[in-house]
Each structure stands twice: as structure tokens, then as C-alpha cells.
Amino acid sequence: MTKRTTRIGIATAAIGTLTLGLLAGCASGGGGDTEGMNTLEKAQEEGTITLAVASEQPYSWVEDGEATGATIAMHEEIFSNLGIDNLEIEEVDWNSLIPGLNAGRWDVVSAGMSILPDRCAEAAFSDPEIMYTTALVVPTGNPKNLSDLDSIAAGGGDVTLAVQSGAIEEGYASDLGISNVIQVDSATAGIEVVQAGRADAFALTAVSMNWMTENMDDVETTDAFVQEIDGVEQIGAGATVFRQDDTELLEAYNEELAKITADESTYLGLVEEFGFTAENLPPADLTTEQLCSGELG
């Protein structure tokens, strides 16, 4: 059984945190001298590991002081199997996830972050965990008949696109020459700018947009699509992120992850309640090395 300490902070140059509550659960272990231990050994000794999330539903977010989501469900399972029963959750902005990780402010990034070459240069990614496609959030009725980012590019300056700063869709927009862009710092903010009429569309992963707009009357989500850049389909796969020198932790994590992704029913047992399906299960032959090299898109 896993317990979670949830903290919310705004990650800037100095990150402040506020403890929202300690959920009931098993007592964390260890607590002895951890000098000289690697991150895995220290986490196992103390029974605690710190995860950063960026509040993107349904991957990972904080609701009523409790962290939840598909990546949280997977991490509770994996870290418990590694003897780490307490997860400390830090909620920060997206652009601070990898910098804060490398600065030692948290041990792991739990955000379904896509595996991209520039990110691989800064941090280490687990084996692929979640495949995803892209969708647009548009005003109800889709008045500008937008279907993908190509349709936005074709609209020129008459269409304003919102993107989450640092997300893969921001890169797609840049590659396609879309210049009328509003940057936001969260998925919620992206939806809000469309609701306010400041943008005609907001682009993010389809599973997130479908989940977050399900009960909204003033916006809707388009059909999912795989974006093409220069005729090449952009393969999207998300993973958990570690510091590059935490090889022991990464290897142990991947061993436990493989037990989940090798069995569809096990995978869906953890993530299906958050809107994920068998289509989100990565194929066995897709590797982090391929995605980091950029050879797939």
C-alpha cells in the first residue's frame, strides 16, 4: 500500500512548496544514514521518492489535495514493488520539470512527457509508457472548421492557436510556420483562452483534451490526428523522466514497467479508468533509443 504526500509549488528560480496533506497508508521505512547511496538505494532506505507533476489530466494532477492520474497509478505500482511506499508529489509548471529534476528538487518526473531528442540530451527517459495522438480544443460547433495543425497553418493570420509552452505541439506549430500563437503554461489555461475567445484552438494530446472537455458546453475536442511534418508522421510516446546519472533507478524502474506493458490487461487495469485504451499501449518494438535519435519523426 502506498501513501502520498502532495505538495503544490510554483516552480521558478526558487521553488516554494506547501504541504496539503498526508494520506493514510503504510509507514515509510528506513530513514538511516544515506550518505554515499545512489538515488535508488536512498529511496529504498527512506521508503520515499519525490515525483514532479505538471497538472495535465488525465496523466497526473492534484485534486482536493490528492495526486491522481494514469502515471500516478503506474508509479504507485512500480515504486511499491521496488520497496518505496511513500510518494511525495510536487505540482509545478511544465517548463520547470526537467530543470528542477536536474537541480535535485525531485527524483522523477511523472507527467507522460514525450520522448524527444532535445529532451533526451538533458535527461534520461524510461521505456515508452503511453502512445498518444493530438487533438484540438475549439469553440462548440467548430466555427472555423479546424481539423489538425495543417488546417490552422492554411488559415494564416486569421486563426490563432494556443499551445502549452514547452509541449511537443509548440514545436509542431513552429515547424509548420504557424506564427499567430499564444503560449500558455498549462492545459487548463489553454482551454480557458479558447473559452474566452482569445484563441480559435488549443492543441494538446487527444486523451487529455477529451478528458478535460467532457462536461464542457462551450468547447469541444476534434477527432484525434497524427501530425505530419515534411511528410513524416510524428510518433508520440510518453515516458517517465530521470536524471542521466540515476542509471540504477532507471534500470530498476524499467524492469517493473516491463511487467505492466507486457500484458494488456495489467496495463489497462492501471490506466483505463483515466480514459486510456489499448491503443495507448506502446508496441513492444518501439524503443526510447529510436525516439531519442529522432529517427521515427
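I began with the burial terms: buried means under 20% relative accessible area, exposed means over 50%, and partly exposed lies in between (1.4 Å probe, protein chains only). I noted that this is a predicted model, where local features need pLDDT of at least 70, side-chain atom pairs count only at pLDDT 80 or more, and totals for chains, interfaces and linings use all residues. Residues are numbered from 1 along each chain as its sequence is written, and side-chain values use heavy atoms, with hydrogens and water left out.

**Entry: the count.** I took a salt bridge as a side-chain nitrogen of Lys or Arg within 4 Å of a carboxyl oxygen of Asp or Glu. By this rule I got 4 salt bridges.

**Entry: Arg-243.** I found Asp-107 paired with Arg-243, N to O at 3.3 Å. The two sit 136 residues apart: Asp-107 in the loop between α3 (97–102) and β7 (108–114), Arg-243 in the loop between β17 (236–242) and α9 (247–261). Helices (H or I, at least four residues) and strands (E, at least two) are DSSP runs, numbered from the N terminus. Arg-243 also bridges to Asp-246, with the closest N and O atoms 3.3 Å apart. I therefore logged Asp-107 as buried, because its relative accessibility is 18%. Arg-243 is buried too, at 13%, and Asp-246 is buried. Asp-107, Arg-243 and Asp-246 form a salt-bridge network.

**Entry: helix α9.** Which residue does Glu-256 meet in a salt bridge? I found Lys-259, at 3.0 Å from N to O. Both lie in α9, 3 residues apart, about one turn of the helix. Glu-256 is buried at 10%, whereas Lys-259 is exposed at 54%.
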